[in-house]
2 protein chains.
Amino acid sequence: MPSKTPPITMDAVYAAPGYLFRRMQQIAVAIFVEECRAFDLTPVQYAALVAIHTHPGIDATRLSAVIAFDRSTLGNVIERLETKSLVERKPAREDKRVKLLYLTKSGAALLRDIVPSVERAQARMLQPLKPADRKTLLALLTQLVDLNNEASRVPLRAEDALEHLGKSN
Amino acid sequence: MPSKTPPITMDAVYAAPGYLFRRMQQIAVAIFVEECRAFDLTPVQYAALVAIHTHPGIDATRLSAVIAFDRSTLGNVIERLETKSLVERKPAREDKRVKLLYLTKSGAALLRDIVPSVERAQARMLQPLKPADRKTLLALLTQLVDLNNEASRVPLRAEDALEHLGKSN
DNA sequence: ATTTGATTGACAGTATACTTACAATATGGC
DNA sequence: GCCATATTGTAAGTATACTGTCAATCAAAT
């Protein structure tokens with residue numbers, strides 16, 4: 001007789017890691033946007049601002065490696081940050097292809113002011129769990145993301161941020 | 001003296017739950033698409049197919065509640081599934097606004113055939129963890145998604161799927 | 001019965017998140 | 001110096017994932 005096919009149910013979908021990751025991402029974005037509504041900033045825009053703050057004069061390609069963010073999408077993100085006058089793009093002298101990224105004064109100010117809201121958002125995401133469970137989940141998730149880094153289409157390359165310093169040194 | 005501002009670093013971003021959820025979602029989608037390349041189906045399209053299979057004759061609004069998926073986006077998803085002849089939309093007799101959803105023969109066949117690939121993908125996402133850690137992570141994540149359900153802009157309403165049966169009964 | 005309010009699917013708009021492709025430019029091998 | 005190759009930013013295309021709004025329709029209250 002033919003081997004029995006497992007039943008196809010929604011419960012199987014609800015229990016699948018992929019479904020849970022998608023759901024959790026939806027929830028995380030909703031909470032972030034709600035807490036940071038006053039600043040009109042998305043999670044990705046925030047990550048970009050932090051990276052540019054930490055590495056002034058970084059270029060778009062390295063920025064994409066530092067926040068594990070697709071280069072093409074990042075172009076649009078930067079464009080929006082530029083429209084909001086939070087970020088400046090200056091052509092590099094040594095390499096005419098490259099445009100270097102800097103925070104504007106208002107970008108730096110916004111970043112300073114938004115931090116408490118961001119922290120509130122991050123806390124809210126894990127709020128429903130017991131403190132010990134929050135630590136466990138974060139630890140496992142950190143591990144898993146790190147071990148799966150290469151499986152992503154845009155692996156994180158945090159160390160790339162430093163390369164633009166080595167160029168002239 | 002003024003209170004000390006916490007330093008703004010990328011390490012803080014890398015350790016934030018929101019960042020980890022986004023990263024894990026990226027990775028999960030990449031793995032799913034890779035494993036299911038032969039079937040040319042995305043995670044959301046798969047969830048929609050399963051829901052329509054489980055609830056034949058469901059309408060788009062209820063489907064969105066059952067897979068916790070925004071109604072507007074779902075319209076496009078269904079359109080793509082229709083273009084690929086995996087799903088049929090039939091106008092309801094009792095309510096002229098409603099279009100009922102059904103799997104086509106090839107939709108049902110594809111769903112049957114893709115299951116092993118989907119299961120491989122789901123397994124791969126957690127592969128790097130030790131078996132005990134996989135269980136722990138899944139349990140905590142299931143809890144957290146459930147407890148945060150209302151925080152999402154499109155809360156899951158699994159029970160909504162049954163309403164269309166009660167209408168005429 | 002008519003009006004009020006809710007529901008349904010559709011549309012336009014914004015923002016990720018990826019793909020491939022391309023022109024401009026740089027770099028390394030020769 | 002020249003040429004093959006690589007890099008950089010950009011653009012077009014697809015697919016989520018949301019916000020609104022809208023017309024058609026339905027249901028319920030008067």
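Which residue is the bridge partner of Asp59(B) in β3(B)? In β3(B), that partner is Leu100(B). I shall return to this pair after a few words on conventions.

The model before you is predicted: local features need pLDDT of at least 70, side-chain atom pairs count only at pLDDT 80 or more, and totals for chains, interfaces and linings use all residues. Residues are numbered from 1 along each chain as its sequence is written, while chains are lettered from A and ligands numbered from 1 in the order in which they are written.

Helices (H or I, at least four residues) and strands (E, at least two) are DSSP runs, numbered from the N terminus. Two strands pair if DSSP finds at least two bridges between them. In general, strands of a sheet pair through backbone hydrogen bonds, either parallel or antiparallel.

In chain B, three strands form an open sheet in the order β1-β3-β2, with antiparallel pairing. Strands β1 and β2 of chain B stand at the edges with a single partner strand each, so one side of each has no neighbour in the sheet. The pair from my opening question belongs here: β1 (residues 58-59) and β3 (residues 99-103) of chain B are joined by two bridges. Between β2 (residues 87-91) of chain B and β3(B) there are five bridges, again in the antiparallel sense. There, Pro91(B) has Lys99(B) as its bridge partner in β3(B).

A helix accompanies this sheet. Helix α3(B) lies across β1, β2 and β3 of chain B and runs at about 100 degrees to β3(B). Axes are lines fitted to C-alpha atoms, for helices over the stretch in contact, and angles run from 0 to 180 degrees between N-to-C directions. Two residues are in contact if their C-beta atoms, placed from the backbone, lie within 7 Å.

Helix α3(B) also meets α5(B): their axes come within 10 Å and cross at roughly 80 degrees. The two helices are therefore roughly perpendicular to each other; angles under 35 degrees count as roughly parallel, over 145 as roughly antiparallel, 65 to 115 as roughly perpendicular and the rest as oblique. From α3(B), the contact is made by Val44(B), Gln45(B) and Ala48(B), and from α5(B) by Val77(B), Ile78(B), Arg80(B) and Leu81(B). By class, these are five nonpolar residues, one polar and one charged. Here Ala, Val, Leu, Ile, Met, Phe, Trp, Tyr, Cys and Pro count as nonpolar, Asp, Glu, Lys and Arg as charged, and the others, Gly among them, as polar.

I turn now to the two chains together. Two copies of a chain are related by a rotation about an axis and a shift along it. Chain A can be laid on chain B with an RMSD of 0.0 Å by a turn of 180 degrees and a shift of 0.0 Å along the axis. That is the relation of a two-fold axis. Copies are superposed by least squares on the C-alpha atoms of residues with pLDDT of at least 70 in both. The same surface serves both copies, as 100% of the contact residues of chain A recur in chain B.

How many residues does each chain give to the contact? Chain A gives 55 residues and chain B gives 55 residues. On the side of chain A that touches chain B, the elements giving two or more residues are α1 (10-15), α2, α3, α6 (105-126) and α7 (131-147) of chain A.

Finally, the DNA. A residue is near a molecule or strand if its C-beta atom, placed from the backbone, lies within 6 Å of it. DNA strand C is surrounded by 26 residues, the closest being Thr42(A), Ser72(A), Lys96(A), Asp59(B) and Thr61(B). Helix α5(A) gives the most to the surface near DNA strand C, with five residues. That surface has six nonpolar, 10 polar and 10 charged residues.

Around DNA strand D there are 27 residues, and the closest are Ser72(A), Thr42(B), Asp70(B), Ser72(B) and Lys96(B). Here α5(B) gives the most, with five residues. The surface near DNA strand D has six nonpolar, 10 polar and 11 charged residues.
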